[in-house]
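The sequence and structure come first.

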Amino acid sequence: MIDFSKEFAKYDFFHISENIELDINIDSLSNIKKNIKRIGREQNNVVIQIDDIHEILDKLNESIFNLNEINKLKKEFTIKEACFFNEKEEVINNLIEVLDEVENIIHFSKLHLNNSYSEQLNITWSQIGNIIKKIGLTRLDDIDNKFNAELNVATKVLVIDNKDDNTIIETLNSGYIYEKKIIRKSKVVVNKTRSEIIE
């Protein structure tokens, strides 16, 4: 920072060369003095502005640091979210394995047990379907619906005259959708009309 007072002190403004004739009056000296004071005030204003700029730069550095911290936290959150999703998906897959075992018991009961026991298991199976919907898991139980290649895999074809073509007659293994994502397609038995088989 330049101190104009010290700089001006180095010069002798009142020494006049013998070769130059000057008409110096008091008004001129007064104007010089005013200009020196004005320059001093402007210098102080510049110093204050420089201090303000330093404060702004410090705040900007702090903001950049905070932004870096936020980005770091976002990255950590994304990693934790991915881990959570993987763990959640693993839990859903394990739950589906349990549901498959229950479904196998129901299929077995239809073939080998009395009707009242089988009916009770079907009621329980329906209740389980309602419970798993609460956690976002939907069972694809497609009996009497039209076959949909996006949701179903036809493992067997039958001919039943009183059913429409491409109607699902039986679900051999339920499919599942979790939060709008198809986890597994259902394995089904599909009806074909005799006319289509002949063609």
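## Overall architecture

The chain contains four helices and six strands. In order from the N terminus, these elements run α-α-α-β-β-β-β-β-β-α. The model is a predicted one.

Of the 199 residues, 18% count as buried. The chain exposes about 15,700 Å², and carbon and sulfur atoms supply 56% of that area. Among contacts with a separation of 6 or more, 63% are between residues 24 or more positions apart.

An open sheet is formed by three strands in the order S1-S4-S5, with antiparallel pairing. Its edge strands are S1 (137-140) and S5 (181-184), each of which pairs on one side only. From one strand to the next, the twist averages 30°.

Four bridges join S1 to S4 (residues 175-178) in the antiparallel sense. In this pairing, Leu140 is opposite Gly175 of S4. Helix H3 (residues 115-133) packs on the sheet and touches S1 and S4, its direction making about 145° with that of S1.

## The nonpolar core

The largest nonpolar core has 11 residues: Ile92, Ile96, Leu99, Ile106, Leu121, Trp125, Ile128, Ile132, Leu137, Tyr176 and Tyr178. Helix H2 (26-112), H3 and S4 each supply at least two residues of the core.

Tyr178 is one of these core residues. Beyond its neighbours within four places in sequence, Tyr178 contacts Lys88, Ile92, Ile135, Gly136, Leu137 and Ile183.

## Salt bridges

The chain has five salt bridges. One of them joins the side chains of Glu179 and Lys88, with an N to O distance of 3.8 Å. Glu179 lies in the loop between S4 and S5 whereas Lys88 lies in helix H2, so this pair ties together parts 91 residues apart in sequence. Both ends are partly exposed: Glu179 has a relative accessible area of 47%, and Lys88 has one of 23%.

A further salt bridge pairs Glu89 with Lys181, whose closest N and O atoms are 2.8 Å apart. This pair also links distant parts of the chain, as Glu89 is in helix H2 and Lys181 is in strand S5, 92 residues apart. Glu89 is partly exposed at 24% relative accessibility, and Lys181 is partly exposed at 40%. Arg139 and Asp141 form another salt bridge, with their closest N and O atoms 3.7 Å apart. Here Arg139 is buried, with a relative accessible area of 13%, whereas Asp141 is partly exposed at 36%.

Technical notes: Residues numbered from 1 in each chain as written. Predicted model: local features only at pLDDT ≥ 70, side-chain atom pairs only at ≥ 80, totals over all residues. Heavy atoms only, no water. Pairing = 2+ DSSP bridges. Axes fitted to C-alpha atoms, helices over the stretch in contact; angles between N-to-C directions. Contact = heavy atoms within 4.5 Å. Core = buried A, V, L, I, M, F, W, Y, C linked by side-chain atoms within 4.5 Å. Buried < 20%, exposed > 50% of the residue type's maximum accessible area, 1.4 Å probe, protein only. Areas by Shrake-Rupley, 256 points an atom, 1.4 Å probe, with all protein chains shown as cover. Salt bridge = Lys/Arg side-chain N within 4 Å of Asp/Glu carboxyl O.
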